Amino acid sequence: MLQPRLTKVEPIAQMKLRLYYETGEVRLFDVAPYATGSWYGMLQNDGYFNRVALLPDGSGIEWPEGQDVAPHELYENSVEIKRTA
């Protein structure tokens, strides 16, 4: 399944991301299960976690050192919390 494009990503408390999609969906994704090991473990640092960025084409997200989560995982493993217009 192709995921809709992301339009915005917002880090929020407790290692969660609020994801905004072109469809108007707003979804909540829990990053905590991914934040293990030395490389992904860097996401446990709030300052670093908050530096998450949207990829220019809206296909996904990443952090400064290259950590990312596959777009299909972001969509399929998140919970819809709101739908706008």
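1. Gln 67 sits in the loop between S5 and S6. Helices (H or I, at least four residues) and strands (E, at least two) are DSSP runs, numbered from the N terminus.

2. A word on what you are looking at. This is a predicted model, where local features need pLDDT of at least 70, side-chain atom pairs count only at pLDDT 80 or more, and totals for chains, interfaces and linings use all residues. Residues are numbered from 1 along each chain as its sequence is written, and side-chain values use heavy atoms, with hydrogens and water left out.

3. Back to Gln 67: is this residue buried or exposed? Gln 67 counts as buried, because its relative accessibility is 0% and buried means under 20% relative accessible area, exposed over 50%, partly exposed in between (1.4 Å probe, protein chains only). Not counting residues up to four places away in sequence, Gln 67 touches Trp 39, Tyr 40, Met 42, Leu 43, Tyr 48, Ile 61 and Glu 62. Touching, or contact, means heavy atoms within 4.5 Å.

4. Two strands pair if DSSP finds at least two bridges between them. S4 and S5 (residues 61–62) are joined by two bridges, and Ala 53 stands opposite Glu 62 in S5.

5. The other open sheet has four strands in the order S1-S2-S3-S7, again with antiparallel pairing. Its edge strands are S1 and S7 (79–83), each pairing on one side only. From one strand to the next, the twist averages 25°, where axes are lines fitted to C-alpha atoms, for helices over the stretch in contact, and angles run from 0 to 180 degrees between N-to-C directions. As background, strands of a sheet pair through backbone hydrogen bonds, either parallel or antiparallel.

6. Look at the hairpin in that sheet. S1 (residues 6–12) and S2 (residues 16–21) pair in the antiparallel sense over six bridges. Val 9 has Leu 19 as its bridge partner in S2, and Leu 6 has Tyr 21. Three residues lie between the strands, and Gln 14 takes a positive phi near 60°.

7. Which residues touch the most other members of the largest nonpolar core? They are Leu 17, Leu 19, Val 31, Leu 43, Ile 61, Trp 63 and Leu 74, out of 18 residues in the core. S1, S2, helix H2 (46–49) and helix H3 (71–76) each supply at least two residues of this core, and the largest share, three residues, comes from S2. Such a core is a set of buried Ala, Val, Leu, Ile, Met, Phe, Trp, Tyr and Cys residues joined through side-chain atoms within 4.5 Å. Leu 43 also ties back to point 1: leaving out residues up to four places away in sequence, its contacts include Tyr 48 and Gln 67, along with Val 31 and Trp 63.

8. Now the charges. How many salt bridges does a search of the whole structure find? Three, a salt bridge being a side-chain nitrogen of Lys or Arg within 4 Å of a carboxyl oxygen of Asp or Glu. Glu 10 forms one with Lys 8, with the closest N and O atoms 3.4 Å apart, and another with Arg 18, at 2.5 Å. Glu 10 is partly exposed, at 21% relative accessible area, and Arg 18 is partly exposed at 26% relative accessibility. Shared partners join Lys 8, Glu 10 and Arg 18 into one network.

9. The remaining pair is Glu 25 and Arg 27, whose side chains meet in a salt bridge of 3.1 Å, N to O. Both residues are buried. The side chain of Arg 27 also makes a polar contact of 2.7 Å with that of Ser 78, a residue in the loop between H3 and S7. Ser 78 counts as buried because its relative accessibility is 7%. A polar atom of the Ser 78 side chain lies 2.9 Å from the backbone oxygen of Tyr 75.

Methods. Polar contact = N/O pair within 3.5 Å; in protein donor to acceptor, adjacent residues only side chain to side chain.
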